[in-house]
Amino acid sequence: MKRKLMLFFCVLSCVLMVSGCSLVRGNKNFDKTNLEKQTDSFLTNWFAADFEGTISTYKDQMNDTTLAQYKLYAKQKAQYKGLKKKIKTEFTITTDSATVTETILCENGEKVLASLTFDKDGQIQTDDSGNYSFKFDEYKTLGQKMQKAGLNTIMSMSIVFLVLIFISLLISCFKFIGIIGKGKADTAPQTTVSAPAAAAVSEPEDLVDDLELVAVITAAIAAASETESADGLVVRSIIRR
(Lines give C-alpha, C1' and ligand atoms only; values in the text may rest on other atoms or scores of the structure.)
Protein backbone atom coordinates (compact mmCIF):
# COMPACT_ATOMS: atom_id res chain seq x y z
CA MET A 1 0.00 0.00 0.00
CA LYS A 2 2.82 2.41 0.87
CA ARG A 3 4.58 1.69 -2.42
CA LYS A 4 1.40 2.40 -4.35
CA LEU A 5 0.92 5.72 -2.57
CA MET A 6 4.54 6.74 -3.19
CA LEU A 7 4.23 5.81 -6.84
CA PHE A 8 1.00 7.82 -7.10
CA PHE A 9 2.57 10.94 -5.59
CA CYS A 10 5.63 10.62 -7.83
CA VAL A 11 3.46 10.39 -10.93
CA LEU A 12 1.33 13.34 -9.72
CA SER A 13 4.46 15.46 -9.11
CA CYS A 14 5.78 14.69 -12.58
CA VAL A 15 2.45 15.61 -14.14
CA LEU A 16 2.35 18.93 -12.27
CA MET A 17 5.93 19.74 -13.26
CA VAL A 18 5.24 18.96 -16.91
CA SER A 19 2.04 21.01 -16.75
CA GLY A 20 3.90 23.98 -15.26
CA CYS A 21 6.59 23.78 -17.90
CA SER A 22 4.02 23.56 -20.65
CA LEU A 23 2.21 26.62 -19.32
CA VAL A 24 5.39 28.68 -19.34
CA ARG A 25 6.53 27.45 -22.73
CA GLY A 26 3.05 27.85 -24.13
CA ASN A 27 3.14 31.65 -23.63
CA LYS A 28 4.63 32.93 -26.86
CA ASN A 29 5.04 36.39 -25.34
CA PHE A 30 7.82 35.09 -23.13
CA ASP A 31 10.29 34.36 -25.86
CA LYS A 32 13.72 34.97 -24.34
CA THR A 33 15.20 36.51 -27.46
CA ASN A 34 12.36 39.01 -27.73
CA LEU A 35 12.48 39.81 -23.99
CA GLU A 36 16.21 40.43 -24.14
CA LYS A 37 15.86 42.75 -27.12
CA GLN A 38 13.18 44.78 -25.36
CA THR A 39 15.34 45.03 -22.25
CA ASP A 40 18.38 46.18 -24.26
CA SER A 41 16.29 48.82 -26.02
CA PHE A 42 14.82 50.00 -22.72
CA LEU A 43 18.26 50.37 -21.13
CA THR A 44 19.61 52.26 -24.12
CA ASN A 45 16.70 54.70 -24.02
CA TRP A 46 16.96 54.99 -20.22
CA PHE A 47 20.60 56.06 -20.27
CA ALA A 48 19.85 58.48 -23.14
CA ALA A 49 16.92 60.12 -21.35
CA ASP A 50 17.15 63.58 -19.76
CA PHE A 51 15.43 63.08 -16.42
CA GLU A 52 16.46 66.45 -15.01
CA GLY A 53 14.92 68.25 -17.99
CA THR A 54 11.75 66.17 -17.76
CA ILE A 55 11.38 67.03 -14.09
CA SER A 56 11.86 70.76 -14.67
CA THR A 57 9.40 70.77 -17.58
CA TYR A 58 6.62 68.48 -16.30
CA LYS A 59 7.04 68.81 -12.55
CA ASP A 60 3.64 70.46 -12.05
CA GLN A 61 1.90 67.70 -14.03
CA MET A 62 3.49 64.79 -12.14
CA ASN A 63 2.01 63.15 -9.08
CA ASP A 64 4.16 62.50 -6.02
CA THR A 65 4.97 58.89 -6.97
CA THR A 66 6.06 59.72 -10.50
CA LEU A 67 8.08 62.74 -9.35
CA ALA A 68 9.90 60.61 -6.75
CA GLN A 69 10.59 57.96 -9.41
CA TYR A 70 12.07 60.49 -11.85
CA LYS A 71 14.21 62.02 -9.11
CA LEU A 72 15.58 58.58 -8.33
CA TYR A 73 16.30 57.94 -12.00
CA ALA A 74 18.11 61.29 -12.29
CA LYS A 75 20.24 60.46 -9.25
CA GLN A 76 21.10 57.00 -10.55
CA LYS A 77 21.99 58.29 -14.00
CA ALA A 78 24.29 60.91 -12.49
CA GLN A 79 25.97 58.16 -10.49
CA TYR A 80 26.38 55.55 -13.26
CA LYS A 81 27.18 58.12 -16.01
CA GLY A 82 26.23 55.83 -18.88
CA LEU A 83 26.04 52.27 -20.21
CA LYS A 84 29.39 50.84 -21.23
CA LYS A 85 28.56 47.20 -22.00
CA LYS A 86 26.34 44.28 -21.11
CA ILE A 87 27.99 41.33 -19.37
CA LYS A 88 25.24 38.70 -19.09
CA THR A 89 21.47 38.23 -19.12
CA GLU A 90 19.33 36.10 -16.79
CA PHE A 91 15.63 35.22 -17.02
CA THR A 92 13.01 34.47 -14.36
CA ILE A 93 9.82 33.29 -16.08
CA THR A 94 6.54 32.24 -14.43
CA THR A 95 3.09 31.61 -15.82
CA ASP A 96 1.99 35.27 -15.75
CA SER A 97 5.19 37.34 -15.61
CA ALA A 98 8.80 37.38 -16.73
CA THR A 99 11.76 39.27 -15.30
CA VAL A 100 14.93 39.97 -17.25
CA THR A 101 18.02 40.80 -15.20
CA GLU A 102 21.08 42.10 -17.03
CA THR A 103 24.49 42.55 -15.47
CA ILE A 104 25.90 45.73 -16.98
CA LEU A 105 29.12 47.70 -16.68
CA CYS A 106 28.57 51.44 -16.34
CA GLU A 107 30.88 54.22 -17.47
CA ASN A 108 31.89 54.96 -13.88
CA GLY A 109 33.37 51.43 -13.71
CA GLU A 110 30.65 50.05 -11.47
CA LYS A 111 28.76 46.80 -12.14
CA VAL A 112 25.02 46.83 -11.46
CA LEU A 113 22.03 44.56 -12.01
CA ALA A 114 19.26 46.08 -14.13
CA SER A 115 15.91 44.28 -13.80
CA LEU A 116 12.87 44.77 -16.00
CA THR A 117 9.57 42.89 -15.50
CA PHE A 118 7.05 42.00 -18.23
CA ASP A 119 3.38 41.08 -17.86
CA LYS A 120 1.66 38.05 -19.39
CA ASP A 121 1.14 39.96 -22.67
CA GLY A 122 4.88 40.54 -23.05
CA GLN A 123 4.59 44.26 -22.27
CA ILE A 124 6.71 46.10 -19.73
CA GLN A 125 4.84 45.98 -16.44
CA THR A 126 3.69 49.29 -14.92
CA ASP A 127 2.09 50.30 -11.65
CA ASP A 128 -1.07 52.35 -11.09
CA SER A 129 0.85 55.60 -11.70
CA GLY A 130 2.21 54.36 -15.03
CA ASN A 131 5.78 53.90 -13.77
CA TYR A 132 7.76 51.00 -15.22
CA SER A 133 8.73 48.05 -13.01
CA PHE A 134 12.42 48.73 -13.53
CA LYS A 135 15.14 48.90 -10.91
CA PHE A 136 18.87 48.75 -10.31
CA ASP A 137 20.38 46.40 -7.73
CA GLU A 138 23.87 46.16 -6.32
CA TYR A 139 26.09 43.63 -8.04
CA LYS A 140 27.82 41.21 -5.71
CA THR A 141 30.55 38.74 -6.49
CA LEU A 142 30.43 35.15 -5.28
CA GLY A 143 32.83 36.02 -2.47
CA GLN A 144 30.62 38.90 -1.33
CA LYS A 145 27.55 36.67 -1.42
CA MET A 146 29.35 34.00 0.62
CA GLN A 147 30.52 36.65 3.07
CA LYS A 148 26.99 37.94 3.53
CA ALA A 149 25.65 34.41 3.91
CA GLY A 150 28.33 33.67 6.51
CA LEU A 151 27.50 36.82 8.45
CA ASN A 152 23.81 35.95 8.38
CA THR A 153 24.59 32.44 9.61
CA ILE A 154 26.77 33.74 12.45
CA MET A 155 24.13 36.27 13.43
CA SER A 156 21.39 33.64 13.43
CA MET A 157 23.47 31.23 15.50
CA SER A 158 24.38 34.01 17.94
CA ILE A 159 20.72 34.87 18.43
CA VAL A 160 19.90 31.19 19.05
CA PHE A 161 22.70 30.82 21.63
CA LEU A 162 21.70 34.06 23.36
CA VAL A 163 18.12 32.84 23.65
CA LEU A 164 19.33 29.49 25.04
CA ILE A 165 21.55 31.25 27.58
CA PHE A 166 18.64 33.45 28.63
CA ILE A 167 16.40 30.41 29.07
CA SER A 168 19.06 28.61 31.14
CA LEU A 169 19.48 31.68 33.37
CA LEU A 170 15.73 31.92 33.77
CA ILE A 171 15.53 28.26 34.78
CA SER A 172 18.40 28.69 37.26
CA CYS A 173 16.46 31.52 38.92
CA PHE A 174 13.60 29.16 39.81
CA LYS A 175 15.43 27.97 42.96
CA PHE A 176 15.67 31.56 44.21
CA ILE A 177 11.95 31.97 43.59
CA GLY A 178 11.35 28.88 45.74
CA ILE A 179 13.55 30.28 48.52
CA ILE A 180 11.67 33.58 48.47
CA GLY A 181 8.35 31.73 48.66
CA LYS A 182 9.62 29.63 51.55
CA GLY A 183 10.79 32.75 53.41
CA LYS A 184 7.34 34.28 53.06
CA ALA A 185 5.77 31.11 54.43
CA ASP A 186 8.13 31.17 57.43
CA THR A 187 7.21 34.78 58.28
CA ALA A 188 3.50 33.91 58.38
CA PRO A 189 1.89 34.01 61.92
CA GLN A 190 1.96 30.64 63.63
CA THR A 191 -0.56 29.41 66.20
CA THR A 192 1.07 28.10 69.37
CA VAL A 193 -0.36 25.02 71.01
CA SER A 194 0.19 24.73 74.73
CA ALA A 195 1.95 21.56 75.67
CA PRO A 196 0.09 19.27 77.98
CA ALA A 197 0.97 19.59 81.57
CA ALA A 198 3.81 17.42 82.57
CA ALA A 199 2.85 14.43 84.52
CA ALA A 200 3.23 14.84 88.16
CA VAL A 201 6.42 13.42 89.44
CA SER A 202 5.76 10.64 91.78
CA GLU A 203 7.11 11.24 95.21
CA PRO A 204 9.67 8.75 96.41
CA GLU A 205 8.34 6.20 98.89
CA ASP A 206 9.53 6.16 102.40
CA LEU A 207 11.47 2.88 102.44
CA VAL A 208 12.20 3.10 106.20
CA ASP A 209 8.51 2.89 107.08
CA ASP A 210 8.09 -0.07 104.69
CA LEU A 211 10.85 -2.04 106.38
CA GLU A 212 9.28 -1.49 109.78
CA LEU A 213 5.92 -2.50 108.42
CA VAL A 214 7.41 -5.64 106.91
CA ALA A 215 8.96 -6.59 110.27
CA VAL A 216 5.69 -6.09 112.09
CA ILE A 217 3.73 -8.14 109.57
CA THR A 218 6.31 -10.91 109.61
CA ALA A 219 6.19 -11.13 113.43
CA ALA A 220 2.39 -11.22 113.38
CA ILE A 221 2.31 -14.02 110.86
CA ALA A 222 4.88 -16.00 112.82
CA ALA A 223 2.88 -15.63 116.01
CA ALA A 224 -0.32 -16.66 114.32
CA SER A 225 1.25 -19.73 112.79
CA GLU A 226 2.92 -20.64 116.07
CA THR A 227 6.32 -20.67 114.36
CA GLU A 228 9.29 -19.99 116.61
CA SER A 229 11.41 -18.40 113.91
CA ALA A 230 10.40 -16.06 111.09
CA ASP A 231 13.48 -16.81 108.97
CA GLY A 232 11.49 -18.74 106.40
CA LEU A 233 8.90 -16.02 105.89
CA VAL A 234 9.30 -13.65 102.95
CA VAL A 235 6.98 -10.66 102.43
CA ARG A 236 6.82 -10.05 98.67
CA SER A 237 4.30 -7.18 98.51
CA ILE A 238 2.32 -4.84 100.65
CA ILE A 239 -1.11 -3.59 99.54
CA ARG A 240 -2.35 -0.54 101.30
CA ARG A 241 -6.10 -0.28 101.85
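Guide: A residue counts as buried under 20% relative accessible area and as exposed over 50%, with partly exposed in between. Because Lys86 has a relative accessibility of 34%, this residue counts as partly exposed. The model is a predicted one, and every value here is computed from it. The side chain of Lys86 meets that of Asp40 in a salt bridge, with 3.1 Å from N to O. Lys86 belongs to strand β1 and Asp40 to helix α2 (residues 32–48), so the pair ties together parts that are 46 residues apart in sequence. Asp40, for its part, is partly exposed, with a relative accessible area of 27%.

Further along, Lys88 and Glu90 join their side chains in a salt bridge of 3.3 Å, N to O; Lys88 is partly exposed at 41% relative accessibility, and Glu90 is likewise partly exposed, with a relative accessible area of 41%. Salt bridges that share partners link Glu36, Asp40, Lys86 and Glu102 into one network, and the count of salt bridges comes to five.

Thr103 itself counts as buried, at 3% relative accessibility, whereas Lys86 is partly exposed.

Technical notes. Residues are numbered from 1 along each chain as its sequence is written. This is a predicted model: local features need pLDDT of at least 70, side-chain atom pairs count only at pLDDT 80 or more; totals for chains, interfaces and linings use all residues. Side-chain values use heavy atoms; hydrogens and water are left out. Buried means under 20% relative accessible area, exposed over 50%, partly exposed in between (1.4 Å probe, protein chains only). A salt bridge is a side-chain nitrogen of Lys or Arg within 4 Å of a carboxyl oxygen of Asp or Glu. Helices (H or I, at least four residues) and strands (E, at least two) are DSSP runs, numbered from the N terminus.
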